[in-house]
Each structure stands twice: as C-alpha cells, then as structure tokens.
Amino acid sequence: MAFSRPRARFGRGPVAVVAIAAVAALGLAGCAPGGSSPTATNSVEVSTELTTDPVVLTIADETGFPLTDDLAAEFTKQYPNVTFNITRDTFANLTANAPKLLASDTPPDLIRLPTIGDTVKDGLLANLDPWFDAYGWDKWSEAQLAPLRMGDDGVRGHGSLYQLGLGYSITGIYMNTKLADQLGIKNTPTTLAELEEDFAIAKAGGVLPMMEGDKDGVVNFVVQAAINQYADPKELMDWILNVEGATYDTPGNVKGAELIKKWADAGYFPSDINSIDYATFVSRFQGGEGLFTFNGNWAAADTQAKMGDDVAFFLVPPVEEGGNHVAMGAANSFSVAAGSKHLNEIVFFLNWIHTNDKARQIVTDVTGAAPGGDPSQTQPKVAPGSLIENALAMSAQIAAENGQVDFMANATAGIYAGAIIPESQLLVTGQISGQDFVTAVQKFYADELAG
Amino acid sequence: MIVNKSEFVIGRIVLVVVLILTVIPLVNMLSAALQPADTNPTGLTFPTDPQWVNFVTAFNTGNVWRLMGSSLFIVIFVVPVSLLFATLAGYALGNLRIRGGRFLFIFLILGLTIPFEALIIPLYYEIQSMGILNTQWAVIFPLIGLYMPFSVVWMRAHFIGVPQELSEAARVDGATTLQEFRRIQLPLARPALSALAILLFLWTWNQFLLPVVLISDPLNRTVAGALTFFQGQYYSSIPLLNAGALIIIVPTILVFVIFQRQFIAALLQGAVKG
Amino acid sequence: MTTSIAPRRAAARSAARRGTLLGWLFAVPALVAYCAFVIYPLALGIQYSFYKWNGVGPSEWVGFANYLRVFTDATLLGSIGNAFVLIGFFTVIPVAAGLVLATLIRSLKPGPFSSLSQTILFLPQIIPLAAAGIAWSWMYAQTGAVNQVLSAIGLGFLARPWLGDFQTALPAVGLIGSWVLTGLCTVLFLTGIGKIDQSLYEAVRLDGASWWREFVTITIPGLRQEIAVLVTITVIAALSSFDIIYTTTLGGPGRATLVPGISIYRIGFTQSEVGLASAFGIVLMALVLACVLPIQRLARASDR
C-alpha cells in the first residue's frame, strides 16, 4: 500500500480481541488444509482423431517466446475449428503460478512447466502414456523424452510421460569472430585450457573476455558449463532428477565451481554482472561487447540476424583434447493439465508439432532448436552455414556422444530463485569459494526436498 | 514573519535541489521513452528527435486499452462499495455511537497494521475455494475487506466531528434515522467521502501484490500489476518499457492534480483527527 | 424554556436507543467484509502455519516446526534484518527531510511556488510503487542517470551498477523508499506547523534565536503528533516492502535486498511450502505490531 494509514491508537485490548476472533474463526475453518489424495485418472477416451467441433484451446506460456503464437496460427490455418487463447507472463511469475493454475477449476490445457516438482504427485498433470501408445511415440528419441518422465517414486527420468518439448534446446558458446581476429585468435577453442587462454588474451587486449549477466541467474550457463566438464554426467543428472541419495557436493562439481571463482578473480566477467539480465547481456554481446558469451540455440537466429557472419557457435570444449562433449540441453517443456477439458485435442496439437513438417519448420525457425520427434523424419530446412545449422549439428553431436544433461535450475521448483541465483551472484563476484557455492546449493536442495 | 536573509537563501536552494531530485526520475523516464525504440539510451539525454510514436507502440503492444478497462472494472466495484460500507459503519460508530461500538472500533483498528504480505498466502487459498481465482473478483472482494479498517476509521473520524446537536435537532423535528442520514449527514460528509474515494482509487489502481498473485493472466490485472508483464513484453526495449510505465502513471497523476486541493485538505484532516 | 428542553432530550435519547439496532445493521456490511477478507485469512494463516503443506496435496501437522525454521534459517533472518535497515530509509530520512522541507516551505509566501512545491513533492506518492521501481532501476543502471551525473561532476570513480553491487543495493533500494515517502511527510508536517501558535515563533525570533533553535524548541515539539503518525506509517511500509524490490532486484544480488515480503511470496508460491510461508507471514505481522505498539505508547505518553 503506497499511501498512509490514519493514526492508529492501541491499548492492550485490541490484540486480545483479534486473537479471540482469529481463534474463533479458526474453529470455523475446521480440519487440516489440503486435499486427501491425488485423483489423477484421465477420464477421457483416448482418440487420435481431431474433433470437428469448434474448440478453444488455452495455453499458458512465458513472455518473450513467441513460438506458441506461430504454431497456434499455423494449426488454426490447417484446422479452422480449433482456435487458441494464449496467456503470457514472465518466467518468474509463470513458474510461481504454475501449480496454482493447474489446480484451479479452469486450468489451461497446455502450460509451460520447466520443473515437474510436486505437480505429478498432486495429480495435476495428465499422464501421456495412453497417447504415447496410440500415436506410436516409441519411434521418437527416448533420450529426449526420458527427462520428461516421472516415476511413482517422484524421481524423473523414468516412469510415465508427463511432458513434451516444443523444441529441444542445446547450449554452447558464441564467439565474436571479428574481435577474435583483432586479438589474433584464429580458431574456436577445442579444450577448456584453450578457452581460458583466449580469455586471458582478450583481457590483456582490453576486450571483455565474456559477456554474461546474473541479475536473473543466466550466468549459470557458464557455471554449469564448467561443472559439466568435471562432473560425472550421470551423477549430476541423478541429482537433477532427485534420485534418492544424490548429492551436489561432489569433487567434480567443486572443481567446476572453483574454476568459476578463478575466472571471477581474474576479471573475466563484466564488472556490473549482477545488474545485467538476460536481454541486456544478449543485446550487449550482439552489439560487439565481449569475445564470448554462453547461451543456447534459441538465440541463434536472432544473433545471426544482428551480427551476420561475425559470430560462431560451438559446444563448450572438454578438458582433454578430443574428449566427449557435455552440454546442457532440455526440452522446452510443456505439460497438459489433468483437468483439461480437451485432452485429446491438445495432445493432437502436441503430436502435430512433432510430426507436421510445417510445424517442425516453425519450431526450428523460431527457436533454432531441433523439433524432436522421429529422428528419421525429414529435418527442417536451414540456410547452409548458418548458426542454426550449426546448432542442429551440435544437438546431433551431443546426442551421439550421449553428453546431454539437464539444467541444474530444473532440479527443484525453488532452487533457482532460492539458491542458485543468489549463490552464483556471490560466486561470480569472487565473494565465496566454489566449495561454498556447492555446499549452499546442496543444503537448499536437501531442505526443499525435505520440505 | 521574520526570516534572516542568508537562511532564506539557503532554504530556497535546498528546497529547489530537493524538488529537482524529486522530478528527475520521472523526467528521466520521459527522456528514455522518447529515444528511438531500438536503441539502448544512456542516462538522461535530451531527445533531439523525440519519438512520440513509442507511446503509441507501447499502448498497442502492451494491450493498454484492455488493461485500463480491467483496472477500471476493478475500481468501479471496489471504490463505491467500500465507500458505502464505510459510510454506514462510520455513521454507526461516529454518530449513533452504538453500544459495543468501542469494541468494534478497536477490532477494526488492528486491521490497520496487518501487512498484505502476511495475509496473501491464506487469501490465495480462500479465493481459490471461492472459485473466483484468476478473475477480477479475486482482487475486488479482498480489497474491499482489506480497505475496510482504514475506510471505516476515516469515516468515523468525520462523523465524530459533526455536532450532535444537528442530529438531535433533526430527530426532534420528527426525522427518522434514515432520513437524517440521507438529508443531513450525507451532504455534510461529501468532502470526507470524496477524499476517501480518491485515496481508494489510487490504492486500487496502484495495487500490485494482490493482482500479481491472484490473477494469472496479466491482462486481467490492474495496470500496476501488469507492470511485470510490461517488463517481459518490452524486455528488449528500455524506451518502450518507460513509455509503457508512463502511460500507466498518467491517470493517477491526472486524478491527483485535478483533485489535489480537496485531497490534501481532507487527508490532513483525517490523519490528524483519526 | 427549561420545561421544554427535558422532553426534547428524552425524545432524542429514545431515538438514539432505537438507533443502536439500526446502527449495528449499518455496521454489518463493513464488518462482514472485514471478517471475510482480513480476519478469516488471518485465522487460516495461523492454521496453515502449523502444517507442512504444498498447497495442493495432503497436509501434515508439524506443530511449531515452521516457526522454528523462521527463527533459525539464516536466509529468513537476514531478510528481516534487511527490513530493519530499510526503516532507516523509509522512516528516518523521510521524517527528517520532511521536517526540514516543511519549515522551508512555510517560510515561503503562499503563492504558486509554494503550492507547486507541494504538488511536486507529492508526486512520488501518487504513482504505483512498481513504476517507481522501474524508473529507479533505470536511474541506477550502469549507463543510467546516477552514474552520468557522478561522472559529470568528477566523481566518475564512484560510478557502479548501484542495484547490482552488494554494498550499495540495499541503500539504493532504500532511497527509492525515501523518494516516495518524503513528500507525504512534508505535506503532513506543513499542516501541523500551520496549527502551531504563530506567536510562539515570533517570541523566539524576537529573542534572537537561530533557525535551528526555533526548529528544535518549537517546531519539533509542536509536531509530536504528526511525527508519531508518520513513523507508524513508514515503519509499516519498510517492514512490508514488496513492490519496489520485486521490480528492481528481486532480493539480489545474493540476498542483499531480500525482504520478508519477497521471501513469503517465493516460499509460498515458487517453493510451494505453504506452512512455512504462512508462519513467516504471522511472524511479520507480529514484528510490525511489536514495532508499532511502542511508538503509539510513546506518542500517548508525550501527550500527557
């Protein structure tokens, strides 16, 4: 409340009065809060035929990512009886609202949901297994689908399918080749050590080694990239998927985090990193500030448009020359609400996104991401030599080397805002050690899962 | 008044400096809003080529018509209903001096210190069980309740100030309580009511926490609650973000400037009497 | 005449008695709205605070465990600490500045400049706090006006991303609060000064007292009431700040600007720990009361 309140005068009386009133109301409130147990049974008969009745499908998505708009428009063009109502909110608001939205009487049919969290346990998401069989999704890349599954034990990575991706992302490093030329750097680095050398050359040459931002935590593309190269990918994935007994406090994670601390102390990050958000660091890199930036394939199209041929995109190099690459990648994950009134229709839409050539083309054009689905199906057309072509090749390489890990931020619903962002803000400004970072994140994780 | 010369000059200077500091952030918003939409302006720069079109762009891409409509819808319910309830209760407490009124007054006054943040979690589940989540009613109903302590205390303060003799005279002349309330008390309460109306309008228009939590679609929120949506919508354009924010501010400034006199006068009266 | 007054009064009294029933009827709508959306959620909040509940599934009684966590969790305690630091910016600065500005405006002849000053000082009060947050994050940015001015007056070495710097973020956010609340304080004090007996000022001036002496011996004691009111209002605003932080720093960098309002929102909604968030809400309310009650006591004591 922005304004004033008038003078309030108190005696001892009012506190007692309100306490009594509150206790009285409590009596009225009755028994313990909350429902009893989940009642998640898909009550509708599975069908792969699209209805001919007019249907309005609702989608809750985040702002700044217009993919669903374009897909919906194309779908309505092909099936005019189906129209869409898409609402958008910021990522932070949407993730905070998601469980509430799903539990409401009128949940959106489809919702952007980065972390499953408790939603499956609470019966809020539609189990997609019946459609998996009906549509024959077993031909799709199971590696991409696995993180979208959750078992009865609340662990992701196995069990029933609860999400699908609208595009499957991959992260890497963008390099400003014009600056690289000026600094005498000929090739993109092939080992972590070479990358560090390039940082040092840039720093010595008066060029910002990497353009990053951490107001909203996006520097964790870098933090996790470093951790990925030292950690056991399986161990890290188990932790992200909440496998019992998994811990973040491993020697590999600490080593990666210490490397970030070293880079922070060396002044490789921008000095105002904690006031730079995602949009700012992207536009500043595209404006020519910084030799490198760590980002995902979703930025490829836009970056190419702004920087032309002066930019390269490549996978984070491994520690050893010729070693396997490890990169964060994840489905741009969406879930269907258990309470959706149009289960068959919305799943038809999801299947269409993965199988219709026009839809697949839209996914790649808009996000630079692979459209997923059946790997043998024709891939979308991309301009030869473009960053997007590069990005698709990177996705394929990671798939071949089995080096994909999920984002750490997806480990639990609260960990990004509650621990990873604040702790990384301390780490990249050199105020805590890598060990401190790892310990703090693990503590929050354990607390949250204990709940 | 006797004021010595140097004190007078220093005073003037301090005052002018503070006034400048007060308007700079607003002027800065305007100067940023007038820069070309695809640039990253730096600091306070005079717009050599003012891009008034940014306001049009921000207005359209920000769905401002719809937002203003949504805000207005919320205001149109919250303000009159709050005024009505508060006037009735204020009259009962301040003029009729009902038995048990003191108890009621104390009970209400405690609500003045409860921060909205402390209530927002249970409020969310209450609204959910009422089945009005994600509609404007999710903000309208709670706001009426949350404004009640302030509004009643405010109106009571007014009615206490009205001489009892007026009521007595009216009743002796055979007027019923209702007639007296309508014909004598309400006209007298106009200044207090209009000030309260302006205050409630501003609070509702500017309300942020409730709409952000209780209405998931930003386009159904109050304009202030939709500012986060603006931050997402214009994330790549500081000029457009500032233009959008200014559009939202303008109605509140207009209301204030138009009603300023009544507003400040009544505010002071209320705050001092309370 | 005397004979006619008595029956009149009796009539009025009986009318008043009839009025009590009607009066309670009048009070019912307000009371219902208040109970439904303040008292009832308060009770619910107290109830939730004793449970472990994710907001959807089954809940589990945990006694005082949530309160224990509030009082032992360094992050949550830190956010309370930050709220108290904000009191310096939301209360001390605006009240002090308001006192000074009010005396300055009073010394102006009533006229356009005087009323313009009031209008301008009041403007920050009128706009949404969320918009104030947006305006100021732009002011404080690396390329923003604050650094621009510093460079212009040769203090460029002080330039920094004010909201992204661990040392300056909290004061920077606090100053937004000062900006918003100073106008309110000034205008309230102005009226207060208007009610102080002018002859007191003249007397002390004739004694050759300085501006400062006049300020301390007459203005401040004369404004005791207003000071108490404003301290109450602004302390509540400081402890329950949300909008400004939400649109500027979201609690960062690190947890430098984390305040209870943001913590409650995050724990309750992002982390879905409804019980813990409710407990923190109740603690916040208790804190506000614990701060406000003594202020009221003091104000009353000084009245006597």
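Analyst: First, a term: two strands pair if DSSP finds at least two bridges between them. Helices (H or I, at least four residues) and strands (E, at least two) are DSSP runs, numbered from the N terminus. This is a predicted model: local features need pLDDT of at least 70, side-chain atom pairs count only at pLDDT 80 or more, and totals for chains, interfaces and linings use all residues. Residues are numbered from 1 along each chain as its sequence is written, chains are lettered from A and ligands numbered from 1 in the order written, and side-chain values use heavy atoms, without hydrogens and water.

User: How many bridges join S6(A) to strand S11 of chain A?
Analyst: There are 4 bridges, and the two strands run antiparallel. Leu164(A) has Phe334(A) as its bridge partner in S11(A).

User: What is the strand order in that open sheet of chain A?
Analyst: The order is S2-S1-S3-S11-S6 (chain A), 5 strands with mixed pairing. Strand S2 (82-89) and strand S6 (163-168) of chain A are the edges, each pairing on one side only.

User: Which strands does helix H2 of chain A touch?
Analyst: Helix H2 (residues 67-78) of chain A packs on the sheet and touches S1, S2, S6 and S11 of chain A. Contact means heavy atoms within 4.5 Å. The direction of H2 makes about 175° with that of S2(A). Such angles run from 0 to 180 degrees between N-to-C directions, with axes fitted to C-alpha atoms, for helices over the stretch in contact.

User: New topic. How many residues of chain B are in contact with chain C?
Analyst: 96 residues of chain B contact 93 residues of chain C. The area buried between chain B and chain C is about 8,100 Å², and carbon and sulfur atoms give 79% of that. Buried area is the accessible area (1.4 Å probe) that two parts lose on being put together, summed over both.

User: Which helix of chain B gives the most to that side?
Analyst: Helix H1 (residues 5-33) of chain B, with 18 residues.

User: And how many salt bridges cross the interface of chain B and chain C?
Analyst: The rule finds 0. A salt bridge needs a side-chain nitrogen of Lys or Arg within 4 Å of a carboxyl oxygen of Asp or Glu.

User: Back to chain A. Where is Gln377(A)?
Analyst: Gln377(A) is in the loop between helix H14 (357-367) and helix H15 (387-401) of chain A. Among the residues Gln377(A) touches are His354(A) and Arg360(A).

Conventions:
Lists of a residue's contacts leave out its neighbours within four places in sequence.
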